[in-house]
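Open the model in a viewer and keep the sequence panel beside it. The stops below can be selected one after another.

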Amino acid sequence: MGTGEGGHGGTADKLGRPTSRDVARLAGVSHTAVSFVFNDRAEGNLSAATQERIRQAAARLGYRPDPVARGLRRRRTAVIGLVTDEIASSPFAGRLLRGAMETAWDSGHLILTVDSGGDRAKEDAAVAELLDRRVDGIIYAAMSLRRVRVPEGLHRTCSVLANCLAEDDSLPAVIPAERAGGRTAARLLLDEGHRRLAMVGGQDDIASVERLRGFRDAVRVKGILVPKEWVLRTGGEISGGYEGAMRMLDGVPADRRPTGVFCYNDRVAAGVLHAATRLGIAVPGDLSVVGYDDQEHMAEFLAPPLTTVALPHRAMGEAAARLVLEAIDTGRTPLATTRRLAGPVISRASVGPAPTR
């Protein structure tokens, strides 16, 4: 009958799993030597040959160290909590979560995810529960870029924000470089010779304001003035894009309308494309359209497939996890700074040279 990981006899624990003492017997070494190898203390205590013999014995037996016991010894659990507001229901959730999970996994950590549904009480309770479970750190991720009330308890452990900023700037954050993204989108059109440019969509949120600033930065460098009536704040949905495009394009002579449109997001771009089709305006022959987000299951299936600036959701997840892991390893709380990550251009078929007329 097995005696467990700390017993002195038998060949398995109570669940039938091989123990570190089984590994020691097979490798012909002491139990302490096995402990050194699996607790990262072998260097300087055991030869490389002995370490390899122990690892081969463990592989033959299918032995894995007990993560709970290791965590107690190290005062770590190898688990990082990830609390979200509504990101689990957003089209971009998978990318951010995969980035965080894979980065954590590569460092021997698991991600435990809790979705609060945007309920503040649930967020506070989720953080308290994660702290009770002694997670090594917490990532708080938001569905849309904005300033957030930091859930109670986040300051009691290594915590990093993803896709949001603390109202009091008290925690480190990883967010998209929205202003740089707006510049990139405008340059896609400028580089194709477009000089009559418009922006459609957005409201007064951080992303809308920053994307418009970047758009204006790029056109200002070229000495271009964008008419006020060509900057239309029509929201973030397909209907807003359609409405804005119809206001700018319907009944307007070709030489007096924009030839390039930067859209707040891909849904708005879908509305602009729909309006262009309805008005008989060819894309990209008569009108070039740039989206933003690279929304899965949408951008590449529009007609024509949409050229867009992708949001760096996966990179945000990776960067947030790395910041937490670095804090865990060093024992130092990360500085409350903001890292802005650029998103790549996804070139498809909605941008072409400016019309010559």
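Helices here are DSSP runs of H or I with at least four residues, numbered from the N terminus. The model is a predicted one.

**First stop: a helix residue.** Select residues 120-132, which make up helix 6, and pick out Glu-129 within that helix.

**Next: the domains.** Colour the chain by its domain assignment, with domain 1 at 20-63, domain 2 at 76-176 plus 313-341, and domain 3 at 178-311. The centres of domain 2 and domain 3, taken over C-alpha atoms, are separated by 32 Å. Ten residues of domain 2 and eight residues of domain 3 take part in the contact.

**Then: the interface of domain 2 and domain 3.** How much area is buried between domain 2 and domain 3? The value is about 880 Å², with 57% of it from carbon and sulfur atoms. Select Phe-92, Arg-95 and Leu-145 in domain 2; these lose the most area to domain 3, and together they account for 51% of what that side buries.

On the domain 2 side, the residues that touch domain 3 are five nonpolar, one polar and four charged.

Go to Val-283 and Pro-284, where the peptide bond is cis and omega is near 10°. Pro-284 sits in the loop that runs between helix 10 (266-279) and strand 11 (288-293). Move on to Ala-303 and Pro-304, also joined by a cis peptide bond, with omega about -5°. Pro-304 is in the loop between strand 11 and strand 12 (307-310).

Select Arg-134, which is not a glycine but has a positive phi of about 60°. Arg-134 lies in the loop between helix 6 and strand 3 (137-141). Then select Asn-163, another non-glycine residue, with a positive phi of about 65°. The loop that holds Asn-163 is between strand 5 (158-162) and strand 6 (165-166).

Is Arg-134 buried or exposed? Its relative accessible area is 65%, so Arg-134 is exposed. Asn-163 has a relative accessible area of 4% and is therefore buried.

Note on methods:
Residues numbered from 1 in each chain as written. Predicted model: local features only at pLDDT ≥ 70, side-chain atom pairs only at ≥ 80, totals over all residues. Heavy atoms only, no water. Helix = DSSP H or I, 4+ residues; strand = E, 2+ residues; numbered from the N terminus. Domains from an automatic or database assignment. Contact = heavy atoms within 4.5 Å. Buried area = accessible area lost by both parts, 1.4 Å probe. Nonpolar A, V, L, I, M, F, W, Y, C, P; charged D, E, K, R; others polar. Buried < 20%, exposed > 50% of the residue type's maximum accessible area, 1.4 Å probe, protein only.
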